[in-house]
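Reader: I am new to this structure and would like to learn how to read it. Could you take me through a few features, one at a time?

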Amino acid sequence: MDLFTTSAEQNPAPKGPLAARMRPRTIDEVIGQEDILAPGTLLHRAITADRLTPMIFHGPPGTGKTTLARVIANTTASHFEQLNAVTAGIKDVREVVEAAKGRLKYEERKTVLFIDEIHRFNKGQQDALLPYVEDGTVVLIGATTENPMFEVNPALLSRSRLFKLEPLTDEEVKRVIEEAVTDQERGFGDYDIHMHDDAVRHIVDIANGDARTALNAVELAVLTTDPDPDETITVDLQTAEASIQQRMVRYDKGGDNHYDTISAFIKSIRGSDPDAVLYWLAKMIYAGEDPRFIARRLYVHAAEDVGLADPNALLIAEAAFHAVEFIGMPEARIPLAEAALYLATAPKSNAVITGIDNALATVKNERTGDVPVHLRDAHYKGAGKLGHGDGYLYPHHYENHYVVQQYLPDHLQHKTFYSPSANGYEKTVQKRLDYFNERIQNNKRT
C-alpha cells in the first residue's frame, strides 16, 4: 500500500466517464427493457435467483447489454470473467477455461464468462468455446450488436437463450439524464445544475434511444460550461446542440439495419411512396452506405418492379449509376434521389420478371425443343444444303413489318410467357400483341 492507494481509499470518488459511472449496479437500477427485465420475466428470475444458463444479449449500442452483464457480475455467487472479442483470442479463452475447471473441481464454484462483441469471434474461436459451454465448465453470456442468427454459430445458439434489447424510449433516456444530474455518488448531484427543458429534449432526440450517447452529451455540456456567479451551471439549448451535434443512426452495413433499410427502400419504391423512398435513401446516405450499392438496387428494381410499364426507368437507373461513378458523393445524392423518385412514381409492372421466370421454368422442367428449320442459321457453309432458313419470312417485307410464322418449338406453340399489365406503356404493348394475335387467328381461319 502506498500514499496514492491510501488516498484513493479515503476518497472513493467515482472515476471514469459519466456513462461508466452511472452504469446500473443492480437489476432494480436498470432503466428500460421491461419486456425482458420486469419482475416475473425469465431473465429477471434467472438473475435474482442466480440460476444462470448460457444466454446472448443482442441489440443496438447503448441499450444496456454490458450493463446487464455487470448486474449479473454483482449478483451471482459464481466467479465472473470478462473478455472482449475484439482483443481476445483462443489463448485467452483457454486460460479462462482452465481456471474455470480448477475452480469447479476444487471450490465447486461455477464461472460466468461474459464475451462482449461476441460476433467478432470467428467460427474457429466460437467452436473452441462450444465443448465448455456444453459441459457446464463456463456459463457463457455473449453480447452483440449484430443479429446472432447471422453472426453466432448455430451450435452455440442452440445452447443459449436469446434476449433482444430495444432502444430506450425518449422518456427512459430522459430518466437516465435526470439520474445522472441528481446522483450525488456517481453523477453530478454535488453540482448545482439547471438544464433547460429544450436542452434536455434536444439531447434525448439526437441520442435516438442510446443512453451512452445521452450521458456523454450531458457530461460534455456540464464540464465545458462555466458556472454563473451563484455557482449554477446552466445548460441551455445552444450548449446542448454543441455537445451532441449529430444524430446517432443505428445502421451497420453488414447487419440487420443494412438489410432492413434497403428492404424498406425497395418496398417503398414498389409501393409508389416517394416520401418514404426519400427517407430511407437519406438514412442510407447519412449512415455512409456505399452509393454504388444503392445504385445497383435501383438498376435491379427498374426492371423488376417497373419493367415495360415505363421502359425509361432502366435508362434513368443506368444514368444514376453512371453519375455515382463519374461525380461521386455528395453530389451523386441528387441523381440517386432523382432515379429513386422516378421509380417510385412510375407505373408498376412485374410482368418482365414473371415472363423470364416462366420461360426459365419451362426450359428447366420440359424437354428442349428443336429450333424450327426456317429459324435456323443459314449463313455458315453447308447450311443451305440442310435446308436451314428455308421458308423464313422477313417481317420488314410485310405490312406493318409483321408476318405470321412459327417462332417457338413445335411442342411449345401453346405457351404464353409474357402477359403485359394494364399499366403505363404496357397498355400500348398489349394493343400491339392484340393486333398480332388477331392476325394469327385470321391466318388460322384462312
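Reader: Is Arg 25 buried, partly exposed or exposed?

Author: Happy to start there. This is a predicted model, in which local features need pLDDT of at least 70 and side-chain atom pairs count only at pLDDT 80 or more, while totals for chains, interfaces and linings use all residues. Residues are numbered from 1 along each chain as its sequence is written, and side-chain values use heavy atoms, with hydrogens and water left out. Buried means under 20% relative accessible area, exposed over 50%, and partly exposed in between (1.4 Å probe, protein chains only). Arg 25 has 31% relative accessibility, so Arg 25 counts as partly exposed.

Reader: Which residue forms a salt bridge with Arg 25?

Author: A salt bridge is a side-chain nitrogen of Lys or Arg within 4 Å of a carboxyl oxygen of Asp or Glu. For Arg 25 the partner is Glu 29, with the closest N and O atoms 2.8 Å apart. Glu 29 is partly exposed as well, at a relative accessible area of 24%.

Reader: How many salt bridges does a search of the whole structure find?

Author: The search finds 14. One of them links Arg 186 with Asp 183, where the closest N and O atoms are 3.6 Å apart. Both Arg 186 and Asp 183 are buried. Through shared partners, salt bridges join Arg 25, Glu 29, Asp 183, Glu 185 and Arg 186 into one network.

Reader: What separates Asp 127 and Lys 123 in helix α7?

Author: Helices are DSSP runs (H or I, at least four residues), numbered from the N terminus. Asp 127 and Lys 123 lie four residues apart in α7 (residues 123-134), so about one helical turn separates them. Their side chains meet in a salt bridge of 3.0 Å, N to O. Lys 123 is exposed at 57% relative accessibility, whereas Asp 127 is partly exposed at 32%.

Reader: At what angle do helices α15 and α18 pack?

Author: Axes are lines fitted to C-alpha atoms, for helices over the stretch in contact, and angles run from 0 to 180 degrees between N-to-C directions. Here α15 (residues 274-286) and α18 (residues 333-345) pack at about 150°, with axes 9 Å apart. That makes the two helices roughly antiparallel, a label for angles over 145 degrees.

Reader: Which residues of α15 meet α18?

Author: Contact means heavy atoms within 4.5 Å. From α15 come Pro 274, Val 277, Leu 278, Leu 281 and Ile 285, and their partners in α18 include Leu 336, Ala 340 and Leu 341.

How values were computed:
Parallel < 35°, antiparallel > 145°, perpendicular 65-115°, else oblique.
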